[in-house]
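Please open the model in the viewer and follow the selections below in order. Each stop names what to select and then describes what is found there.

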Amino acid sequence: MSRALKAYLHSLKVMLGAAPGKPAKSDYSEEAKALHAYKKTPEVRLVRLAKIREELADKKPSYKWRKWRWASIILINLMFVVSYKFDVQLVEGALTASRLVGFHMADLNSGIQITLAQKTILTNVVIGMVTVAVLWWLVGGRAFCSWACPYHLASEWVEMLHLKLVERGWAKDIPLHRGMRAVLYVVFAALAFITSFTVFEFINPVGILSRAFTYGLTLALAWVGLLLLIELFFIRRFWCRYVCPIGITYSLVGSVSPTVVHYDLNECLHEGECRAVCLVPHVLDMTIKGRATDVNMDIGADCTRCGMCLEACPTGALTFKVKGLGGLL
Amino acid sequence: MTEPKAKKKPAKKHLSRKQKQRRTLLLSMAAGAGVTGVGLAGYVPVAKNGQTRLRPPGALDERLFLASCIKCGQCEQVCPVNAIKLADIMDGFGLGTPYIDARAQACDFSCDATQCILACPTGSLSHKINKKEEVQMGLARLSSPTTCLARQGQGFVGLARGEDFPGIHRYVEVDRWNPIPIADHPYDLEICDLCVRECPIKNAISMQPLSDDPNDKRRTPVVNTDVCVGCGMCEMICPTEPSSITIDIAAKRESA
């Protein structure tokens, strides 16, 4: 099996909940082996530690990507509201399904749920899903989460507060098993098929929020509020990390996307700043010293392309890359 | 951190790696079961067989409707009289699905066709329907004959639903294209025939004498169950409180 295929399957396994773990000796490329060995030499090690001390001393937070990302989420969701309120018919509907200047769009997960529930394949829904899949495939799958999902933004704000509370000992971050999300994915798919009800849509905070923006406040927002409270006090990013099947659906699209975060072992000092801010730190496992199997690696399927690791990385070892456009960017 | 307070803290239970993993697994299972449980709670309001809401024109049978609706609200957006609302959490699995509260704002086919059906991306509002006469939302029924003004031989003067009623309706004789507030359209009728007068479907309701006596002014609305589409316009316009004529959502006409 080629190293690329192996890495791809590994990234899917990790996305579904497997612990990344230390790679086998045979998985490493010669260059990576040599570079790891070089980084282990005492002189280089001292240089590296000195560099880390230096950079941590005058660390300035960067929000280079965040401002665009927040703007993107707000703008996308605002377009739905403006379209309806001012009748400009730009994007009609909600995030679950809409028409973008007349063209069908259907959220991949909502589309899957109704297809399973009614056991019929609808042309409009397929057209909408393919359009959405192609769009998010281009920009990186789970980019949907961090660049469009309104719950993600709410959850991100709550997470900032949560981290402050944890610092003061007023909140805890109880870890759960990530495999839970994959199990729930199957559970909700099975429930839709067996009961013929779109069970997941009843608790889907993305749909609830998106509809509330356009059509007005609902009691269902109380559920979204409850989820955010759980995230504030007990489990960091509970919904996005451990529950949301939408995330898995877009992960699969993102697993073969040309838009990725790229890792360069040469530049990395292994200080772990990236993993501390990441929603899905398991995708950054290769940034742990000795874990990268290649000098140049693409971050795996579960990555939301939020860019927070890029902002946190002091050395520029992590960058956005569009495969096939290498020379153009 | 000023003084070390470690002494005051109770000794922490030390869990081995395995115990920790086990606890995480159990917690995850509990959380997963919890989320699934909340999801399944949506079954309670729909557990009763049959429909509880008047659905927009073209809605499939309730079970299939709930299965296929993608909860996007595009039908709500195109309705010129804003008759379509989206259900809230109390509707369980019906959350986000469209319904019509006919008494508050009925569908009067102001759109001239069935815009909501055209807007529906999933065919939950069946694309097989091309004109308003083919719609089957339910059937109008004189649910409270004793309060019906016509049956008492009474006329109606004034505003059908009072001046504060926000509902709108397209009066073709006033404005062919735009619906206006019902509160802006006073009536002066010798015998109340509002349900017949404002019905958007030809021959769906008619006024019939109650007796053979030509001096008897009393009339009764009679619903033609082969023609009525159940849009609810009669229910909205009826000036009695509560409405004497209502939509029976369980009843569908036999000839389709």
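Which share of the contacts in chain A with a separation of 6 or more comes from residues 24 or more positions apart? In this predicted model, such residues account for 72% of those contacts.

**Chain A as a whole.** Chain A contains 16 helices and six strands. Of the 329 residues in chain A, 43% are buried.

**The contact between the chains.** Next, select the residues at which chain A and chain B touch. Chain A provides 44 residues to this contact, and chain B provides 36 residues. On the side of chain A, helix H10 (residues 199-203) gives the most, with five residues. Coloured by class, the side of chain A that touches chain B shows 26 nonpolar, 14 polar and four charged residues.

**A loop in chain B.** Now select B:Asn224, which lies in the loop between strand S9 (219-223) and helix H6 (233-237) of chain B. Is this residue, B:Asn224, buried or partly exposed? B:Asn224 is partly exposed, because 15 other C-beta atoms lie within 10 Å, whereas a buried residue has 20 or more.

Leaving aside residues up to four places away in sequence, B:Asn224 touches B:Asn203, B:Ala204, B:Ile205 and B:Ser206.

Conventions
Residues numbered from 1 in each chain as written. Chains lettered and ligands numbered in written order. Predicted model: local features only at pLDDT ≥ 70, side-chain atom pairs only at ≥ 80, totals over all residues. Contact = placed C-beta atoms within 7 Å. Helix = DSSP H or I, 4+ residues; strand = E, 2+ residues; numbered from the N terminus. Nonpolar A, V, L, I, M, F, W, Y, C, P; charged D, E, K, R; others polar. Buried ≥ 20, exposed ≤ 12 C-beta atoms within 10 Å, placed from the backbone.
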